[in-house]
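Let's take a friendly walk through a protein model, one region at a time. Have a look at the structure below, then read on.

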Amino acid sequence: MKINCKKNILLFSLVFIMLFILTACGSGNESSDSESDGNETEESEGSAEVTLDSEMGEVTIPAGAERVLAPFHEDALLSLGVTPVAKWAIGESLQDYLEPELQDIPKIEWTLPLEQVLSLEPDLIILENNIDNYEGTYEDYSKIAPTYVMTEETTSDWQKQIDTFSKLLGKEDEAEQALAGYEEKVTDVSNQLEEAIGDETLAAIWVVGGKFFLFEKDRHSAELIYSKLGVNYSSVVEELGEAAPQWEAISLEKLSELDADHVFLLAAEGESGIETLEKSTVWQSIPAAQNENIYILEDASNWTNKGLKASEKTMDDLLNYLVK
């Protein structure tokens, strides 16, 4: 009996010890897991870097930059509520449609001279994929500030720019709101244009240096007008096909075949090409001219660009002239 009692006590003790060990291990694991989760959360919340694909491969860039330089892509920055440290320029030529927001911002030449970049003291530089257009190299700019080079796809797609820039700058919520607002405006403007002009056709021509550049259906703002807003284009626009990298001028003789119901002429004040059209009896006989549906806009910058703000400005132009 004593032997059995001792065996029972020993067995009970062993079971108790095993339970204690298991409980301790479980408690230790829970504590460890809890500490681990806390560290991951803290690292996530306090992350100071973002890793993204770029033209130069996968790169890690400090997040949340405040002094940002993104020449020619100020539209995307402004759409996120970010004012750049400088604005793109070719001599005195600017993206005029952005001037209401950038009039007090210094210019930087489109070739990005290194001395100019250095003087601006940026803490993030964003470049297009074709960096051969710039005065410096990727390494040169990287010595001045962390530098992100967009892929070709991002360079050519303004919505991808907004998405990429928002990740670089910690502005994902702003990007979501901006794009949602854009889509709402597209729907609203499309409905208004449908009611105002129905199935009537529209053409846009950039008049510069006495030459005429008819927008193909996917050139700059035309893609918004025809594809997003659903406005119809004329047979002459259809004949042009898709936009080629090199934009070719169209002859006055060919323009005489333009059967569009509405024509937007984008021409600076005093442009000689406008006088040429006004003197052309053939031009004056096209449907838009006959019905006094030719509209002259002196600022072509938003029509010859792609961007959220450029698109919104173009939609405003359409409403101002077409919706009575």
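## A residue in a loop

In this predicted model, Glu-292 sits in the loop that links α13 (287–290) to β12 (294–297). Is Glu-292 buried or exposed? Its relative accessible area is 70%, and exposed means over 50%, so Glu-292 is exposed.

Glu-292 and His-262 are 30 residues apart along the chain, and their C-alpha atoms are separated by 8.6 Å.

In soluble globular proteins, nonpolar side chains tend to be buried together. Here, the largest nonpolar core has 84 residues, and Ile-205, Leu-258 and Val-263 have the most contacts inside it. Helix α8 (residues 172–197) supplies the largest share of this core, with 7 residues. There is also a second, separate core of 6 residues, including Leu-78, Leu-98, Ile-105 and Ala-310.

Which residues does Val-263 touch, leaving aside its neighbours within four places in sequence? Among them are Ala-203, Ile-205, Leu-258, Trp-283 and Tyr-295.

## Two helices that cross

Two packed helices are described by the angle between their axes and the distance between the axes. For helix α9 (residues 221–228) and helix α14 (residues 308–322), the angle is about 65° and the axes are 10 Å apart. The crossing of α9 past α14 is right-handed.

On the α9 side, Ser-221, Leu-224 and Ile-225 make the contact, while α14 brings Ser-311, Thr-314, Met-315 and Leu-318. Sorted by class, this contact of α9 with α14 has 4 nonpolar residues, 3 polar ones and no charged ones.

How values were computed:
Residues are numbered from 1 along each chain as its sequence is written. This is a predicted model: local features need pLDDT of at least 70, side-chain atom pairs count only at pLDDT 80 or more; totals for chains, interfaces and linings use all residues. Side-chain values use heavy atoms; hydrogens and water are left out. A nonpolar core is a set of buried Ala, Val, Leu, Ile, Met, Phe, Trp, Tyr and Cys residues joined through side-chain atoms within 4.5 Å. Buried means under 20% relative accessible area, exposed over 50%, partly exposed in between (1.4 Å probe, protein chains only). Helices (H or I, at least four residues) and strands (E, at least two) are DSSP runs, numbered from the N terminus. Contact means heavy atoms within 4.5 Å. Axes are lines fitted to C-alpha atoms, for helices over the stretch in contact, and angles run from 0 to 180 degrees between N-to-C directions. A crossing is left-handed if the near helix is turned anticlockwise from the far one by less than a right angle, and right-handed if clockwise. Ala, Val, Leu, Ile, Met, Phe, Trp, Tyr, Cys and Pro count as nonpolar, Asp, Glu, Lys and Arg as charged, and the others, Gly among them, as polar.
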